[in-house]
Amino acid sequence: MLRRRSWIKAVTAVFTGAGLGSLGLDGLYLPGSVSAQEGFGNNFANSIDNTNLAKLEDQLRYGLRCVTPAQIAYVGIVANAVEQDRIPRAMVNLVYRWSLERNPRVPFPYFQFAIRELAKRRGVSL
């Protein structure tokens, strides 16, 4: 809990635009304060340029640990659907991250199920 003097300094710093780091209050959360990631919306993956990105097919193939020819072919189908703008890359990236969190050792079945269901909701068959 902040003492009265510290609280007054923090409020003054917020209203004057001074940083809280100079007060030693780096970890303090104040409602309405500026966060470090402000400006990045939910669809930030749509606005990333291609300068430092791997090809989507390679990202999926190696990240999901595809080993069978059927798995590699399915990843190719998903990558082609993204290139043809039938499904958004942001959705594929989101499902990719989710499947890796779900099962880091064998993420492909989770990816395949989730991307198929989400594409079906959009009216796209994979």
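This is a predicted model: local features need pLDDT of at least 70, side-chain atom pairs count only at pLDDT 80 or more; totals for chains, interfaces and linings use all residues.

Started with a single side chain. Gln71 touches Arg65, Cys66 and Phe108, leaving aside residues up to four places away in sequence.

Where does Gln71 sit? I find Gln71 in helix α3. Buried or exposed? Gln71 has a relative accessible area of 18%, and the cut-off for buried is under 20%, so I log Gln71 as buried.

Next I checked one of the residues that Gln71 touches, Arg65. Arg65 is in the loop between α2 and α3. I get a relative accessible area of 46% for Arg65, which makes it partly exposed.

Then I looked at the helix as a whole. α3 runs over residues 69-83, 15 residues in total. From first C-alpha to last I get 21 Å, close to the 21 Å expected at 1.5 Å a residue.

Which residues of α3 are buried? My list for α3 reads Gln71, Tyr74, Val75, Gly76, Val78, Ala79, Ala81 and Val82. A reminder to myself: an α-helix has 3.6 residues a turn, so residues three or four places apart point the same way.

The axes of α2 and α3 come within 9 Å and cross at roughly 150 degrees. Over 145 degrees counts as roughly antiparallel, so that is how I put down α2 and α3. The crossing of α2 and α3 is right-handed. On the α2 side, the contact uses Leu56, Glu57, Leu60 and Arg61. On the α3 side, Ile72, Val75, Gly76, Val78, Ala79 and Val82 take part. Sorted by class, the contact of α2 with α3 comes to 7 nonpolar, 1 polar and 2 charged residues. Val75, Gly76, Val78, Ala79 and Val82 of this contact are also on my buried list for α3.

What follows α3? Asp85 does, and its phi is positive, near 60 degrees. Asp85 is not a glycine either. I place Asp85 in the loop between α3 and α4. Asp85 has 68% relative accessibility, so I count Asp85 as exposed.

Methods. Residues are numbered from 1 along each chain as its sequence is written. Side-chain values use heavy atoms; hydrogens and water are left out. Helices (H or I, at least four residues) and strands (E, at least two) are DSSP runs, numbered from the N terminus. The expected span of a helix is 1.5 Å times one less than its number of residues. Buried means under 20% relative accessible area, exposed over 50%, partly exposed in between (1.4 Å probe, protein chains only). Axes are lines fitted to C-alpha atoms, for helices over the stretch in contact, and angles run from 0 to 180 degrees between N-to-C directions. Angles under 35 degrees count as roughly parallel, over 145 as roughly antiparallel, 65 to 115 as roughly perpendicular and the rest as oblique. A crossing is left-handed if the near helix is turned anticlockwise from the far one by less than a right angle, and right-handed if clockwise. Contact means heavy atoms within 4.5 Å. Ala, Val, Leu, Ile, Met, Phe, Trp, Tyr, Cys and Pro count as nonpolar, Asp, Glu, Lys and Arg as charged, and the others, Gly among them, as polar.
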